[in-house]
Amino acid sequence: MSFLSDTLSRVKPSPTVAVTQLANELKAAGKDVIGLGSGEPDFDTPDHIKAAAIAALDAGKTKYTAPDGIIELKQAICAKFKRDNGLTYTPSQISVSTGGKQVLFNALLATLNPGDEVIIPAPYWVSYPDMVKLGQGEPVFIDGAPERGYKITPEQLDAAITPKTKWFLFNSPSNPSGAGYSRAELKALTDVLMKYPHVWVLSDDMYEHLAYDDFEFCTPAEVEPALYERTLTVNGVSKAYAMTGWRIGYAGGPEHLIAAMRKIQSQSTTNPCSISQWAAVEALNGPQEFLGEWVEVFKRRRDLVVNALNAVDGIECPTPEGAFYVYPTIDGLLGKTSAGGTKIENDEAFAKALLEEQGVAVVFGAAFGLSPAFRISYATSDEALTEACKRIAAFCEGLS
């Protein structure tokens, strides 16, 4: 009999974390590596948010809090949902956790039974399927083709729903593709969901504020108010406010679901860090003007990377609507051999050879469920991105 749980055999370590760790190890060993694997803004947390954390420390706010968040933060989240999304929640409908990942995990663990299905558009964030499997559920994937900007169609969604479907897990703008659904595109999907009262919506809105050009963010319960009672709207401060290490995610949803998630959290991590919670209060209630300035920087970086990659033979890079990722395809490179002798049989081989031969760390597409492609995070300096794109071009030119 195995000592380890059978459930653990259903999941695998996070590939994005593994790539970032490997890049850091190579750097520490003296290798010239440009890491483009981590989904983390390179901006520092704004000073007014850090000042709020310092003030909380000085005031001795270092004790346990309510398991799923202090009332002040829940009130700030309610105000944010109303201000930005037109959604009305009370504090009893809010859950605060140690990052958005824990919010999603709590929701899935609280609701899934063996055999329950969760529909996930691909490409997807690497953790979605494994969280579903840890909850004893079954992920069901819908491919969003590159020619459609990695978006799924209403017909695909309709065809994927079965009597076993419990959740539709939706992410826009998307990690890893940056694809953002317009209001009309999202309304077409919610129209399908309205036909199936047993299907709930788990909307991961983590990249809400990172939207470019004329794309306007919207969320399912906002587009279709009739879905409000069966939607969990998830967000956090990590990406928009450059607070990844502070670990604060949150969600708004029906009280009975929030209570179930609270029960799980009370028996696992209990409350999120008290100081981080007070910092998040300031993030949501304080000045927001810097968000627009950051978006302009990210947009410039997006355009830099998209233009550079599309100039490389064998790579096609769609222009994303949001987030800080691009997801270029490499169909034209498969079957070739690198200058270092590696046969590019798939996107994992491509990413490994690129790191070994040119010192550029990217995440291979199979990790996100749609190949052959790779993900670049452009949440780093223009200089690093320019050099990385030069190295990628050189790598591809060396293929034969």
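Which helices each supply at least two residues of the lining of the largest pocket?

## The largest pocket

Helix H1 (15-28), helix H4 (100-111) and helix H5 (127-134) each do so; helices (H or I, at least four residues) and strands (E, at least two) are DSSP runs, numbered from the N terminus. The structure is a predicted model, in which local features need pLDDT of at least 70, side-chain atom pairs count only at pLDDT 80 or more, and totals for chains, interfaces and linings use all residues. Residues are numbered from 1 along each chain as its sequence is written, and side-chain values use heavy atoms, without hydrogens and water.

A pocket is an open set of points on a 1 Å grid over the protein atoms alone, where a 1.4 Å probe fits, with protein on both sides within 12 Å along at least five of seven lines; lining residues have an atom within 4 Å of a point. Of the 28 lining residues, Gly39, Lys101, Trp125, Lys239 and Arg247 lie nearest the centre of the largest pocket. H1 gives the most to this lining, with four residues.

## Helix H7

Helix H7 spans residues 183-193, and Leu186, Leu189, Thr190, Val192 and Leu193 are buried there (under 20% relative accessible area, 1.4 Å probe, protein chains only). Seen down the axis of H7, these buried residues fall within an arc of 150°, so they line one face of the helix; the arc is that of the directions from the helix axis to the C-beta atoms.

## Asn175

Asn175 lies in the loop between S5 and H7. Asn175 counts as buried, at 5% relative accessibility. Leaving aside neighbours within four places in sequence, Asn175 is in contact (heavy atoms within 4.5 Å) with Tyr124, Trp125, Tyr207, Tyr325, Phe368 and Arg375.

Conventions: Buried means under 20% relative accessible area, exposed over 50%, partly exposed in between (1.4 Å probe, protein chains only).
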